[in-house]
Amino acid sequence: MAQNVKTEKSMEKIVSLCKRKGFIFQAGELYGGLNGCWDYGPLGAELKRNLKDYWWRKTVQERDDVLGMDGAILTMKQVLKSSGHLDGFSDPMCDCLLSKARLRADQIPPQNGTAVWYSGASHGASDWSTDKVFAVLVPPGKDVESARKTARQFYGQFLPDKRISPKELELAGEKSEEMTGTTRFNPENGSLLTEPREFNLMFQTRVGASADENDPNAIAFLRPETAQSIFVQYKNVLDSSRVKLPFGIAQIGKSFRNEINPRNFTFRSREFEQMEIEYFCRPEDGLRLTDEWLEARLRFYEEIGIPRTKLHILDVPDGERAFYSRKTYDIEYEFPFGVQELEGVAYRTDYDLGVHQKGAGKSLEYFDEETKEKLLPHVVEPSAGCDRTVLALICEAYDEEVVKDEKGKEEVRTVLRFHPRMAPVKCGIFPLLKNKPELVAKAREVQKLLQPFMTVFYDETAAIGRRYRRQDEIGTPFGVTIDFDTIGENGPEGRDTVTLRDRDTMEQQRIKIEDLLHFLLERIH
RNA sequence: GCGGGUGUAGCUCAGGGGUAGAGCGCAACCUUGCCAAGGUUGAUGUCGUGAGUUCGAAUCUCAUCACCCGCUCCA
């Protein structure tokens, strides 16, 4: 009955479905919306919880070598000073006045040449003038006339009458100046750049209700990653938990970055949740464990319904990794808006413990009882984006299928094919007809039977087919219907059995109510 | 931050200086015998927000906010 015709997955449809069905809303929508922030609605909250719970179970509870923690979001300035975030987490940026290109100020190569300054320009015939200051850097050996051409181009963009050619402009106040090693000009076209502006990517706040605005000691930050609290508490966990190398500390929690440009729905948000492991090990095991964690993480994605074929592994090349990392894999997913990172598995060496040991002035060394040696452990960090994974789950699950109705007319069935263990609602419960009290009563009984063990949705309105389709749209993997067989109307062999419908195949099977819980639990665990 | 586009019902969108529209969805009732069934009734909008022009603005102008595309950025 169902043809598997894949229509194009568009983010627009997915975003719309998320809002319509209560997965994800924009934060503060009532007041116009807060850029880069999102709220999870009833179904989104369930979905995200299922992901986090499963990650925690697989990462912490079912392993002997990983412990959990839950660190504070407010972070001391000193911590982020040591980690390098305070100095390194802001980029000076400038814009090209001519081409509007944005450049990192610290990446502009120093140049030599003659800077030609102008104090403005005018157009006599149309009585137009401007006193904007502009300058062009002319490389050694090149004619100053080229500067005038560039300057006219610059002033030309402000002409109210676009029919006037920039060539007719009179330039004012030309002055030349020899420059060496300047970074104030765009190497591409010689145009003057804006003054570098700092983009502080961390959210700063003040601790203490009456903190003096100028008290530097009151400054704290919302953490830009969960990792730092793990490094800072590493010694306490070690001393309180009787663990030996190698071992990991895992954490799920919110982090905050003042992204310049949030984009792609929840993909790049200013407030986001991370699922991170810092796995401490002997230096010689770092590279091997990085590969092992990559495999473990890929298996995880498969287990939650993101197939290996949709994942790309990027072995981040030399020069593109963070300076302290000796090996980094990015696990990327084929989002509808492009292949984008879900998780990074980074071998960070002993950089983090090293900087905190130095910054705090306290030893973070590990004493190995067997070899009787002291060492600073190395770290492998699998760091997954929780919201990004939720988004990947939704994108992966989204499907539109062309089905034929009873009259043979084609229609589109929208279905979220979540893995049952991720699905926000596990089972729909429907009395076939709501005007038959015996059916309704029996359906309520089934609801009470399942509800302590899983999320269920009881629905008695509208025709049965419509109820099935409603559940398809929110990704409910199973639906049970209580019909006249269930209440024994068609003979004793059907009594206390229900039809169980599969979301993906739309096929039904008859199952005893007493077997239902076991059947479902086996599939959603 | 720059350039382009968009903003009207829960969703998708039409309209357009003079009483706010459609389809779908939603709610109630009737009907119901397994895949978006039919009927009846109903609710919902400061036309993104603010200011200006106007006798009158959802419509024109400006500003602002948000979203989309491209650039930029992503330690």
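Which strands does helix 2 lie across? Here are some friendly notes to read beside the model.

1. **Ground rules.** This is a predicted model, in which local features need pLDDT of at least 70, side-chain atom pairs count only at pLDDT 80 or more, and totals for chains, interfaces and linings use all residues. Residues are numbered from 1 along each chain as its sequence is written, chains are lettered from A and ligands numbered from 1 in the order in which they are written, and side-chain values use heavy atoms, with hydrogens and water left out.

2. **Confidence.** The average pLDDT (the predictor's confidence in each residue, from 0 to 100) is 87 for chain A, and 93% of the residues score at least 70. Over residues 1–8, though, the pLDDT is below 50. Where pLDDT is low, the predicted coordinates should not be read in detail.

3. Seven strands line up in the order 4-17-18-24-21-20-19, with mixed pairing. Strands (E, at least two residues) and helices (H or I, at least four) are DSSP runs, numbered from the N terminus, and two strands pair if DSSP finds at least two bridges between them. Strand 4 (66–68) and strand 19 (311–315) are at the edges with a single partner strand each, so one side of each has no neighbour in the sheet. Inside the sheet, strand 18 (residues 271–281) and strand 24 (residues 378–385) run antiparallel and are joined by six bridges; C281 has H378 as its bridge partner in strand 24.

4. **Helices on the sheet.** Back to the opening question: helix 2 lies across strand 4, strand 17 (247–256) and strand 18, at about 160° to strand 17. Such angles run from 0 to 180 degrees between N-to-C directions, and axes are lines fitted to C-alpha atoms, for helices over the stretch in contact. Helix 9 lies across strand 18, strand 20 (327–335), strand 21 (338–349) and strand 24.

5. **Helix 2 meets helix 9.** Helix 2 (residues 42–61) and helix 9 (residues 386–397) have axes 10 Å apart and pack at about 115°. The contact (heavy atoms within 4.5 Å) includes L47 and L51 of helix 2 and V390 and L393 of helix 9.

6. **Another helix pair.** Helix 10 (residues 437–450) and helix 12 (residues 513–524) cross at roughly 35°, their axes coming within 10 Å. Among the residues in this contact are V446 and L449 of helix 10 and L516 and L520 of helix 12.

7. **A hairpin.** Strand 30 (residues 497–502) and strand 31 (residues 508–512) run antiparallel, joined by five bridges. Five residues lie between these hairpin strands, and M506 in the turn has a positive phi of about 60°.
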